[in-house]
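Subject: Structure for your files

Hello,

Here is the structure you were going to look at. My notes follow below it.

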Amino acid sequence: MNDEYFMQQALKEAQKAYEDGEVPVGAVIVMNNRIIARGHNQVERLSDPTAHAEIIALTSAFNYLGSKYLPEGSLYVTVEPCLMCTGALYWSKIGKVIWGADDEKNGHKHITDPNWPFHPKTEVTKGILKDECAELMKSFFRSKR
């Protein structure tokens with residue numbers, strides 16, 4: 001299993017959000033080459049602006065492990081995390097963050113330090129299946145116009 005496989009799993013979560021009329025972002029958290037948590041946007045369903053895919057996946061992982069830290073974990077998310085989600089990821093001390101499509105409008109907007117605002121030990125990778133991730137978002141917003 002590799003980055004593309006796990007991003008495909010995040011895309012499946014994003015598709016669930018799409019089908020529910022939510023902005024289609026999906027996430028999975030992986031430890032030891034195994035998915036331990038999944039999440040997709042549920043902002044509309046829960047009437048909660050913090051119910052982003054990353055936050056839901058993090059909460060699920062914390063509950064599963066009984067821990068508030070994920071230094072051995074990897075988050076795969078279809079779209080670049082927003083500043084709120086990067087804050088939560090920072091505090092989780094997650095080991096890796098991997099995303100598909102950049103979010104020019106709402107992404108975390110690093111300027112000089114490509115790792116900021118993630119934890120200093122967090123590895124960041126971007127662009128995994130970026131075209132597929134971006135197309136799902138574009139399709140969703142086209143359908144809303």
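Cys133 is buried, with a relative accessibility of 1%. Please keep in mind that this is a predicted model, and that the values here are computed from it. The cysteine sulfur closest to that of Cys133 belongs to Cys85 and is 15 Å away, which is too far for a bond. Cys85 is buried as well, at 0% relative accessibility. For Cys85 the closest cysteine sulfur is the one in Cys82, at 3.8 Å, and that is again too far for a bond. A disulfide is a covalent bond between the sulfur atoms of two cysteines. The cut-off used for such a pair is 2.5 Å between the sulfur atoms, and by that rule the count is zero disulfides.

Both of these cysteines turn up again in the helix packing.

Cys133 is in the contact between α1 and α5. Helix α1 covers residues 3–19 and helix α5 covers residues 130–144. Their axes are 10 Å apart and the angle between them is about 5°, so α1 and α5 are roughly parallel. From α1, the residues in the contact are Met7, Leu11, Ala14, Gln15 and Tyr18. They meet Glu132, Cys133, Leu136, Ser139, Phe140 and Ser143 of α5. Sorted by class, this contact of α1 with α5 has seven nonpolar residues, three polar and one charged.

Cys85 is in the contact between α3 and α4. Helix α3 (residues 53–65) packs against α4 at an angle of about 20°, with 9 Å between the axes. That makes α3 roughly parallel to α4. The crossing of α3 and α4 is left-handed. On the α3 side the contact consists of Glu54, Ile55, Leu58 and Phe62, and on the α4 side of Met84, Cys85, Ala88, Leu89 and Ser92. By class, the residues of the contact of α3 with α4 are seven nonpolar, one polar and one charged.

Helix α4 (residues 83–92) also holds Gly87. Gly87 is partly exposed, at 25% relative accessibility. Its C-alpha atom is 7.2 Å from that of Phe118, although Gly87 and Phe118 are 31 residues apart along the chain.

Next, the backbone. Most residues other than glycine have a negative phi. Lys93 is partly exposed, with 36% relative accessibility. Asn33 also has a positive phi, near 65°, and is not a glycine. The place of Asn33 is the loop between β1 (26–31) and β2, and at 43% relative accessibility Asn33 is partly exposed.

Not counting residues up to four places away in sequence, Gln42 touches Glu22, Ser47, Ala51 and Ile56.

Ser74 is in strand β3, which covers residues 74–79. Ser74 is buried, at 11% relative accessibility. Setting aside neighbours within four places in sequence, Ser74 is in contact with Val28, Ile29, Val30, Ile94, Lys96 and Ile98.

Regards

Conventions. Residues numbered from 1 in each chain as written. Predicted model: local features only at pLDDT ≥ 70, side-chain atom pairs only at ≥ 80, totals over all residues. Heavy atoms only, no water. Buried < 20%, exposed > 50% of the residue type's maximum accessible area, 1.4 Å probe, protein only. Helix = DSSP H or I, 4+ residues; strand = E, 2+ residues; numbered from the N terminus. Axes fitted to C-alpha atoms, helices over the stretch in contact; angles between N-to-C directions. Parallel < 35°, antiparallel > 145°, perpendicular 65-115°, else oblique. Left-handed = near helix turned anticlockwise from the far one by under 90°. Contact = heavy atoms within 4.5 Å. Nonpolar A, V, L, I, M, F, W, Y, C, P; charged D, E, K, R; others polar.
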